[in-house]
Amino acid sequence: MKELLYLNKYLLKYKWHFLFGILFVVGSNYFGVLIPQEIREALDFVNNEIQKYKGLDPTQKSSEYSILSRVLMTFSLTVVGFALLKGFFMFMMRQTIIVMSRLIEYDLRKDLFHKLLTLDTKFFKINKTGDIMARMSEDISKVRMYLGPALLYGINIVALFTFTIYTMFSVNAELSFYALLPLPFLSISIFLVSKMINKRSTVIQAQLSKLTSISQETYSGIRVVKSYAKEDSFVKYFAEECDDYKEKSLDLARINAYFFPFMIFFISLSTLIVIYVGGLKVEAGTISPGNIAEFIIYVNMLTWPVTSIGWIASLVQQAAASQERLNYLFNQTSEIKEGNPHTNFGNGDIVFENVSFSYPETGIKALDDVSFRIKVGERVAVIGRTASGKSTIAELLLRMYDPDQGRITINGEDIKSFSFEELRSLVGYVPQDVFLFSDTISQNIALGANQNIEASRIAQYAQYAGIRDEINDLDDGFETKIGERGVTLSGGQKQRVSIARALATESKIIILDDSLSAVDPSTEQKILNYLDSELEGKTSIIITHRVTTLDNLDKVLVLEDGKIVENGSPDSLIKDEDGYYFKMVQQLNARYEN
Ligand SMILES: Nc1ncnc2c1ncn2[C@@H]1O[C@H](COP(=O)(O)OP(=O)(O)O)[C@@H](O)[C@H]1O
Ligand SMILES: [Mg+2]
């Protein structure tokens, strides 16, 4: 339960909602308890009148009748009045406490989203997206059930019990005791039933999410399913899982069916006791017949809340479990801490000093004692086979991870001392696996740019990236929506939009990580020519395993198994006939000759 304490700061934030909510709950119960008392008085009044009539003659009777009806009318109006007041307060208590729970739900979700965005890459590698999504949606909803209904009905029960039981005992302690006797049993049995219900609901929930993910995956992979003509086996598999779901749901329905019989049994028991014990007491003259009616109403008023104790308890339990899962996220801290903003950190040479790095999730040593220097304005190619560590260099430079050993400096200062925003605005990065958001193309390009970048600039960068004409050919041009509900771009088109995005940041350092791999060689050459002029004076790091990209370079770094094996100008590297660079160039020439 202590997990839920985390929510106190939100309750404090909305303390007025909460306090007024409590006040309204108390108000509604105060008027609720007055109603049976009115009814008791009315009944006793009628009873007395009837006794009186016996000795009266007809004229006296009719005048008594008119008094009786007037008094009864007053009683009825009073009851209606109390009921209206009770209803008004109930409306107000929902308006405060349930509204509060919605506000906190919103805050919680917003805070969690913000928190997650501050976490580092490692966190997102370890925690699956689906799991994080479930926490954002389902767990927060469960917590809201605690903040809303559970708190509301919890407070309601306390208020109702206090008022009702106080009134009952002030009428007659013994009768109250007997009348209330079955209620704890009701509460316990409902609690047990709800526990069984919960256990089954959880299983059903899990099965339901399994069904969801099966269908989601099937639809996502629909082309594979169809091309292998596997529709039938998928249908069969799905049907089996659905069957399982059905069995589990029927099981739950059976348990649910116990709920009402239990309840009715215990209320009837209470009512019987009230009538029997109450009857004896009326005979003995300790209470009035009206008290019996009053008690029956009390017992009925208490039944639902007593039943709901079990429900509330399970809501609180579930919320605590969910909050524990949320607290896990809230307590995460990024191992990568940002530095303070520098006002001036120049263009900066990039220096790797004896950098080693292993991926924490797999322990794979991706970089091993890597040292190099890139001067301002240089054009550098990083080449090497796949898995040689090329992309890792870019990730470390952007501080997606921090090196295990050694350090990386820009302008002589450790990059750890820069703020993230500063560092990342310094570098325009096109990651190897490009990602575009479900938004317009122009929004995607403008992502890292100045807020009010002009459309003409966006078009300009698209041109540098060799994609402008293709975008203009689309029906909505730059305003074309891409992604799930929009146009699907080809791999090469995505890469080029991604390059335009990096250029639009107008950063001083540009890193292209295999960003032209899905582009045909002639387009690639065209783009590189554009980039040549656009990137004049900027530092550019081109990561590639293709040598067509390698014109006009100042420097080439060759990586192998995380180590730098060649480092120098293309002219010097070409002399090493055993070298990787030499072989790549040779292969390229051979291809051109064929
Ligand atoms: N996110 C990651 N988690 C774990 N291991 C990784 C990750 N990214 C890369 N690696 C491993 O690190 C090594 C270097 O990868 P990478 O830098 O991507 O190479 P390249 O870009 O040259 O293909 C590879 O062995 C790869 O499997
Ligand atoms: Mg790579």
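**Reading a magnesium site and its protein**

Mentor: Start with Gln432. Its relative accessibility is 38%, so it counts as partly exposed. Keep in mind that this is a predicted model.

Trainee: Where does the cut-off sit for that label?

Mentor: Buried means under 20% and exposed over 50%, with partly exposed in between. Across the protein, buried residues make up 45% of the 594 residues.

Trainee: Which protein atoms are donors to the magnesium ion (ligand 2)?

Mentor: Look for N, O and S atoms within 2.8 Å of the metal. Here the protein donors are OG of Ser391 and OE1 of Gln432, at 2.0 to 2.2 Å. Ser391 belongs to helix 11 (residues 390–397), while Gln432 sits in the loop between strand 6 (427–430) and helix 13 (441–445), so the pair ties together parts 41 residues apart in sequence. Water is not among the atoms, so a site may look incomplete.

Trainee: How many helices and strands does the protein have?

Mentor: The count is 19 helices and ten strands. The radius of gyration is 38 Å, well over the 25 Å from the globule rule for 594 residues, so the protein is more spread out than a compact globule. Along the principal axes, the C-alpha atoms fill a box of roughly 135 × 60 × 50 Å.

Trainee: What share of contacts joins residues 24 or more positions apart?

Mentor: Take contacts with a separation of 6 or more; such pairs account for 78% of them.

Trainee: What about surface and charge?

Mentor: The protein exposes about 31,700 Å², and carbon and sulfur atoms supply 58% of that. It has 61 positive and 70 negative side chains. The centres of the two sets lie 6 Å apart.

Technical notes:
Residues are numbered from 1 along each chain as its sequence is written. Chains are lettered from A and ligands numbered from 1 in the order in which they are written. This is a predicted model: local features need pLDDT of at least 70, side-chain atom pairs count only at pLDDT 80 or more; totals for chains, interfaces and linings use all residues. Side-chain values use heavy atoms; hydrogens and water are left out. Helices (H or I, at least four residues) and strands (E, at least two) are DSSP runs, numbered from the N terminus. The radius of gyration is taken over C-alpha atoms; the globule rule is 2.2 Å times the number of residues to the power 0.38. Buried means under 20% relative accessible area, exposed over 50%, partly exposed in between (1.4 Å probe, protein chains only). Contact means heavy atoms within 4.5 Å. Accessible areas come from the Shrake-Rupley method with a 1.4 Å probe; for residues, only the protein chains shown count as cover. Lys and Arg count as positive and Asp and Glu as negative; His and the chain ends are not counted. The place of a charge is taken as NZ of Lys, CZ of Arg, CG of Asp or CD of Glu. Donors are N, O and S atoms within 2.8 Å of the metal (3.2 Å for Na, K and Ca); water is not among the atoms, so sites may look incomplete.
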